Amino acid sequence: MPLWLIPFPVLFSLKICKLKEVMGLASVNAANDGMQFCVFDLKRGQQEGQELDKILFFFPADLPFSTQLSVIGLSEGLITFTRIFSPEAACEVIEAERHSHIFYEAEPDIWMVMIVEKSKASEAIWRVDALQKVLKEVHNLFMMFHGSIRSMIEKEPSGGLVRTHLYSFIMDYLNVFLITKKLQLPSFRDCLMERGTVQMLTVGREAAIEVQSLVKVLEYSAGSASCYSLIMFQDLLVSTTLSPEDTVNLFTYAVLRLTPRALSSGVSSWSSLLRGSTASNATATSTSTHSGSVSEQQYHSRDASPGQSNSNHIERPLQHDRWHKGKDGFLGTDIQISEMGSLISATPTIYLQQTGERMYLCAYQYKSLTLILLLPVSSLLNGEQGVSQVKQQIVESASLKMLKVEEKLSKGWGGENAYHVSGYRYLLVDDRHVSRASPAAKVTTLTKESLLAMNKLREEVDLEKNRAKLDNMGKEKDMEICIRAKNNAWVIARTTRGKELYMVLEKANETLLYAADAVEKFSNRYCGGAFSLD
């Protein structure tokens, strides 16, 4: 009997469906890390005996193929079944008794599914939206360096090329969540952080003028090539000429691998924020080791054909220790691996999400300032030589400007706690993909009860936002939710005109009026009154 006809007891709420863990849903053992992650193509493997063709990636890869097919077959059945009720948007999550199944349609008919194990003994409490953003982030980063998964499949229909690239890329990405050889996905303790956004530096008028002048010098240095630039100080965005989507993607990658903190520590700034501490380089390769050499052999041998090598020029942009700072200030990299396993030093290229244009990625660093310049491949006919000429022009024309900008930004920088507001633990998000939050070190002072209450509150807001989008064709409504946690802390959410404010007040007065007044004061002083009720 087809999977979609199996009579699961299903309860639908919007696109979200929940069901009991019955009829084999929990028969597949979770990985040692309590997580399984797969990517599959619904267009492939439709003929009997060809089912393996639809598997593009599976973690842990050393699970038997029969087990992998069970997981993907179940996921495919649930997608097909829920589309009966919601043709335009299938299920996003299946909440079972012992696992959560998170779905994300990365591209038409190409699905990413994450299965995470629930455990009362651990702190495995998360938001569906947060885990979906993990899937979205890895797909956006993959597309930035490799283009779409579908285009790679069309380029090499056997699937060997895309499997090899997905395997190395996603395994490198999972290192971000690796702590002492165990994957730690975003949990309730990260409820005052927002993935898929940029964090901006507030600059004064004089510094802003200097930054604008630097951007113009960079454009002049690129000559006739229409370039884009992104400027960061520490792990904060200062300036960008990219679209919001491309800014988020490049900013995310810079925080992962390019900022001074990422280069010096050997791990990403983002992952160190998630952990609250910096992991050692020794753990950085444990994810690949976890799957073992058998896994890699499966991926490389399954699609291999005589005279063909799937490992030819595999880009590893997320691999640790691939970037280094040169004497001229530019960051060099050897993120490509040749057919014989030797490293190739070349200027990496990325694809813009907005236009699909292929760009050279050039990164320059001076102290805490990181400058990223994107040059169109189509405009530099002499390739690497043209890139070298632009770099030389930047060194000659913009070095003094960069020194002045770094100096002014350093003088105005308030340190790691620059955006701490005494008495408040908060998160601000707006519709421009920009967020600001209390420093991670300050958030760790909150009690577990407060964090759990905020996590639950954000789940309610996510649900209301999804309902509003369906009811009002994409228009979100204003809302305010206040919860008194078990520890008597106030947990508050306000949303209005595409902006969101989440706040925890642990030392507030007992009355709701006091808590509301505290939010009003915060809104008027730090948000220009955007969340005021007047």
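The model is predicted: local features need pLDDT of at least 70, side-chain atom pairs count only at pLDDT 80 or more, and totals for chains, interfaces and linings use all residues. Residues are numbered from 1 along each chain as its sequence is written, and side-chain values use heavy atoms, without hydrogens or water.

**The sheet.** Select S11, S10, S19, S18 and S17, in that order: these 5 strands form an open, antiparallel sheet. Strands are DSSP runs of E, at least two residues; helices are runs of H or I, at least four. Strands pair if DSSP finds at least two bridges between them. Neighbouring strands are turned by 30° on average, direction ignored.

Zoom to S17 and S18 (residues 358–366). They pair antiparallel over 3 bridges. Tyr351 stands opposite Arg358.

**The helices.** Show H5 (residues 205–221). H5 touches S10 (228–233), S11 and S19 (369–376), at about 140° to S10. Contact means heavy atoms within 4.5 Å. Angles run from 0 to 180 degrees between N-to-C directions, with axes fitted to C-alpha atoms, for helices over the stretch in contact. Next, H6 (residues 244–258) lies across S10, S11, S17, S18 and S19, at about 45° to S10.

**The serine.** Go to Ser435 in strand S21 (residues 435–437). Ser435 counts as buried because its relative accessibility is 6%, under the 20% limit (1.4 Å probe, protein chains only). Its side chain makes a 2.9 Å polar contact with that of Gln199. Such a contact is a donor–acceptor pair of N or O atoms within 3.5 Å. Beyond four places in sequence, Ser435 also touches residues including Glu194, Met200 and Leu427.

Notes: Buried < 20%, exposed > 50% of the residue type's maximum accessible area, 1.4 Å probe, protein only.
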